[in-house]
Amino acid sequence: MLKIRRPEFDQLRQHGEETYPHECCGILLGQMDGDQRIVTSVARCGNTRSDSPHNRYSIDPKEQIRIQREGRERGEDIIGFYHSHPDHPPRWSPTDLAEAHLPGYSYLITSVEKGKAVITNSFELTGSDDGNDKTFVDEKIEVI
Ligand SMILES: [Zn+2]
């Protein structure tokens, strides 16, 4: 289960509205507590995909390292990632799976229809990245 407070939840959904009709992307920071993940902050990233920003996203590794370092200084770890699906359902795509490399992390997808954030779903990546068994499983989101 992923627990997230209302301000952070609204923040990542709003990000998708702002970048519409392009995808937004960002990082979830917080703590792992057993099988629960608790989001304590979200960090926006620039979408580095210029070839197809309406249905692809990519986070600059340098930006990710900076966010990780800043999070550690506050006692937070990266626990997941989020992006938006402009005018598409909040389900993961084969590309999302191919480009997800961190099993045990949460991947949030928000559908943004006509510029308005609608549904946000979370998926946990399971299996191993180098094997052929990685997949996403549905993860419950609790807004606290
Ligand atoms: Zn996607």
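This is a predicted model: local features need pLDDT of at least 70, side-chain atom pairs count only at pLDDT 80 or more; totals for chains, interfaces and linings use all residues.
Me: What makes the protein agree with a compact globule?
Reply: For 144 residues, the rule for a compact globule gives a radius of gyration near 15 Å, and the protein has 14 Å, so the two agree. The C-alpha atoms fill a box of roughly 35 × 35 × 30 Å along the principal axes, and 41% of the 144 residues count as buried.

Me: How is the secondary structure of the protein made up, and in what pattern along the sequence?
Reply: It comes to three helices and eight strands, which follow the pattern β-α-β-β-α-β-α-β-β-β-β when read along the sequence. Among contacts between residues at least 6 apart in sequence, 63% join residues at least 24 apart.

Me: Why is K114 called exposed?
Reply: Exposed requires over 50% relative accessible area, and K114 has a relative accessibility of 77%, so K114 counts as exposed. K114 is found in the loop between β5 (106-113) and β6 (116-126), and, leaving aside neighbours within four places in sequence, K114 is in contact with Y20 and D87.

Me: Why is S122 called buried, and where does S122 lie?
Reply: Buried means under 20% relative accessible area, and the value for S122 is 3%, so S122 is buried. S122 lies in strand β6, and its contacts beyond four places in sequence include L2, Y107, V137 and E139.

Me: What makes the approach of S122 and E139 a polar contact?
Reply: A polar contact needs a pair of N or O atoms within 3.5 Å, and the side chains of S122 and E139 are joined by such a contact of 2.7 Å.

Me: How do you know that the buried residues of α2 line one face of the helix?
Reply: The buried residues of α2 are E63, I67 and G71. Seen down the axis of α2, these residues fall within an arc of 70 degrees, and therefore they line one face. They pack against β2 (25-33) and β3 (36-45), whereas P61, K62, I65, R72 and E73, on the other side of α2, are exposed.

Me: What span does α2 have against the one expected, and what is found at the start of α2 and after it?
Reply: Helix α2 (residues 61-73) has 13 residues and reaches 19 Å from its first C-alpha to its last, close to the 18 Å expected at 1.5 Å a residue. At the start of α2, a side-chain oxygen of D60 reaches to within 3.0 Å of the backbone nitrogen of K62, while α2 is followed by G75, whose phi is positive, near 80 degrees.

Terms used
Residues are numbered from 1 along each chain as its sequence is written. Side-chain values use heavy atoms; hydrogens and water are left out. Helices (H or I, at least four residues) and strands (E, at least two) are DSSP runs, numbered from the N terminus. Buried means under 20% relative accessible area, exposed over 50%, partly exposed in between (1.4 Å probe, protein chains only). Contact means heavy atoms within 4.5 Å. The expected span of a helix is 1.5 Å times one less than its number of residues. The arc is that of the directions from the helix axis to the C-beta atoms. A polar contact is a pair of N or O atoms within 3.5 Å; within protein, one must be able to donate a hydrogen and the other to accept it, and residues adjacent in sequence count only if both atoms are side-chain atoms. The radius of gyration is taken over C-alpha atoms; the globule rule is 2.2 Å times the number of residues to the power 0.38.
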